[in-house]
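Student: Could you take me through one part of this model closely, namely the place where the two chains meet? I would like some background on the chain on one side before we get there.

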Amino acid sequence: MAGTIIGQGITIEGEITSDEEVVVAGTIRGKLNVDGPVTIDAGAVVEADIGATSLAVGGTVTGNVTASERVDLLSGARLVGDVKAARLTIADGASFKGNVDMDV
Amino acid sequence: MARGSATAQSTTSEGSAVLGRGARVRGRVRGEGNLVVDGQVEGDISVTGDLAIGDGGAITGDIDAAAVIIGGALTGDVAARGAVTIRSGAKVVGSMGGAEVSIEEGASFVGRIEAEFDLPAELQGRPGAR
């Protein structure tokens, strides 16, 4: 079970940091920094810069994303912002607008 | 007589959220459903469901929820629509307001309690009346 789960109905406005896995199904406005994997579920809305070891996006993210390992944009994901990660996949059906920097 | 239609349970879907031990939130938390805090929150929390602070959790801020169970640390006021329970081992500083407030042995509490309940008929009237 993920360390932190932000459920569908929850909105957090502010800064979130964690050293355990985070799953976001709700709404975040601010900053999200996790020393671990982050999953943004379909239906989640994140208006924040995200830092993580790995990031899987199924929902909507507006903000810059930095991952020390990898970023995966799943089908249905919407990302507007820059991506900095060693590995990146963009699935068919994902939307992405931004710059990509894979030179870590 | 059993109801015919078997629609899905109408408890708030996925209404739960957990802020795990390693999580730190600085800012406001609002939402529908229940929330369990095992991490640290600096800021106000307002949820439609219940709030539980685990024994490793610490909240600095005001709380507005249905039922509130405090097992960890809280510095701030509580406005609960349901019951407030302060568990053994908890450290609470603030005003507690709720339908009922209970403090278990071993809890540490500094603050005010305002529980809303109706006095029994014989005590109604001017407080301290002879």
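Tutor: Chain A has zero helices and 12 strands, strands being DSSP runs of E with at least two residues and helices runs of H or I with at least four, numbered from the N terminus. The radius of gyration of chain A, taken over C-alpha atoms, is 12 Å, close to the 13 Å of the globule rule for 104 residues, so chain A is as compact as a globular protein of that length. That rule is 2.2 Å times the number of residues to the power 0.38.

This is a predicted model, where local features need pLDDT of at least 70, side-chain atom pairs count only at 80 or more, and totals for chains, interfaces and linings use all residues. Residues are numbered from 1 along each chain as its sequence is written, with chains lettered from A and ligands numbered from 1 in the order in which they are written.

Now the contact itself: 21 residues come from chain A and 24 residues from chain B, a contact meaning C-beta atoms, placed from the backbone, within 7 Å. On the chain A side, strands S1 (4-6) and S2 (10-18) each supply at least two residues, and S2(A) gives the most, with nine residues. S2(A) also runs antiparallel to strand S2 (residues 23-31) of chain B, joined by nine bridges; strands pair if DSSP finds at least two bridges between them. Within S2(B), B:Ala23 is the bridge partner of A:Ser18. For the complex, the predictor gives an ipTM of 0.86 and a pTM of 0.83.

How values were computed. Contact = placed C-beta atoms within 7 Å.
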